[in-house]
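Subject: Structure handover

Dear colleague,

Here is the structure I said I would pass on. My notes on it follow below.

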Amino acid sequence: MQIEDARKIVAVLMVTYPGYKPSSTEFAAKTWLSLTEEYTYEQVNMALKSYIKSDTSGFPPAPGQ
């Protein structure tokens, strides 16, 4: 995954979970990137979509989820 991809992931989180408002979207993207860089964007995006579709908590996932 690249930084541009991580920015897309953070953008999806912000749209899907209106309460998710990181103080720095760039720092949030860099954090996601550092924790998921061994995966492709497609893998992370697919996992995020799966989480969102099955989520009942109303809270965004942590990168490890």
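Which residue lies over the face of tyrosine 41? In this predicted model, the answer is lysine 8, placed 5.0 Å from the ring centre. Pairs between aromatic rings are another matter: the count comes to 0.

Fold and dimensions

The protein chain has 3 helices and 0 strands. Taken in sequence order, the pattern is α-α-α. The C-alpha trace spans about 30 × 25 × 15 Å along its principal axes. For 65 residues, a compact globule would have a radius of gyration near 11 Å, and the protein chain agrees with this because its own value is 11 Å.

As for contacts, consider those between residues at least 6 apart in sequence: 58% of them join residues at least 24 apart.

Surface and burial

The accessible surface of the protein chain is about 4,400 Å². Carbon and sulfur atoms account for 59% of that area. Of the 65 residues, 31% count as buried.

Nonpolar core

In soluble globular proteins, nonpolar side chains tend to be buried together. The largest nonpolar core here holds 16 residues. Those that touch the most other members are Met1, Ala6, Ile9, Val10, Leu13, Tyr20 and Trp32. Two or more residues of this core come from each of helix H1 (3–16), helix H2 (25–36) and helix H3 (41–54). H1 gives the most, with 5 residues.

Alanine 6 is worth a look when you open the model. Leaving aside residues up to four places away in sequence, alanine 6 touches Met1, Ala29 and Leu33. Met1 is also on the list of core residues that touch the most other members.

Lysine 53

Lysine 53 and lysine 30 are 23 residues apart along the chain, and their C-alpha atoms are separated by 25 Å.

Regards

Conventions. Residues numbered from 1 in each chain as written. Predicted model: local features only at pLDDT ≥ 70, side-chain atom pairs only at ≥ 80, totals over all residues. Heavy atoms only, no water. Phe/Tyr/Trp six-rings, centres within 6.5 Å; stacked < 30°, edge-to-face > 60°. Lys NZ or Arg CZ within 6 Å of the ring centre and 35° of its normal. Helix = DSSP H or I, 4+ residues; strand = E, 2+ residues; numbered from the N terminus. Rg over C-alpha atoms; globule rule 2.2 N^0.38 Å. Buried < 20%, exposed > 50% of the residue type's maximum accessible area, 1.4 Å probe, protein only. Contact = heavy atoms within 4.5 Å. Areas by Shrake-Rupley, 256 points an atom, 1.4 Å probe, with all protein chains shown as cover. Core = buried A, V, L, I, M, F, W, Y, C linked by side-chain atoms within 4.5 Å.
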